[in-house]
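Please view the sequence and the model together while reading.

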Amino acid sequence: MKVKVFEIVKSGLAPLSEEIESIIQNWLDENNEIEIVSTSQSQHLRENTVFVTVFYHMK
């Protein structure tokens, strides 16, 4: 199993959820051999920073 951690900082007017979706979707589009096992999300003390952890296997 492999792990990828995204540090996503809100930057602009788009909702944070849209930025998270866009960043992770771009990563998935670039890596089409990924099978996601699990994900988790946590917010940093700074309000606009979220960490998304993706646990995955390569197909």
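## Fold and model

From the N terminus on, the elements of the chain follow the order β-α-β-β. That gives one helix and three strands, where helices (H or I, at least four residues) and strands (E, at least two) are DSSP runs numbered from the N terminus.

This is a predicted model, in which local features need pLDDT of at least 70, side-chain atom pairs count only at pLDDT 80 or more, and totals for chains, interfaces and linings use all residues. Residues are numbered from 1 along each chain as its sequence is written, and side-chain values use heavy atoms, with hydrogens and water left out.

## Extent, surface and contacts

The C-alpha trace of the chain spans about 35 × 20 × 10 Å along its principal axes. Its accessible surface comes to about 4300 Å², and carbon and sulfur atoms account for 49% of that area (Shrake-Rupley method, 1.4 Å probe).

Of the 59 residues in the chain, 24% are buried, meaning under 20% relative accessible area with a 1.4 Å probe, protein chains only. Among contacts (heavy atoms within 4.5 Å) between residues at least 6 apart in sequence, 50% join residues at least 24 apart.

## A residue in strand β3

Thr53 is located in strand β3, which covers residues 49–58. Thr53 counts as buried because its relative accessibility is 15%. Beyond its neighbours within four places in sequence, Thr53 is in contact with Val3, Lys4, Val5, Ser38, Thr39 and Ser40.

Key:
Buried means under 20% relative accessible area, exposed over 50%, partly exposed in between (1.4 Å probe, protein chains only).
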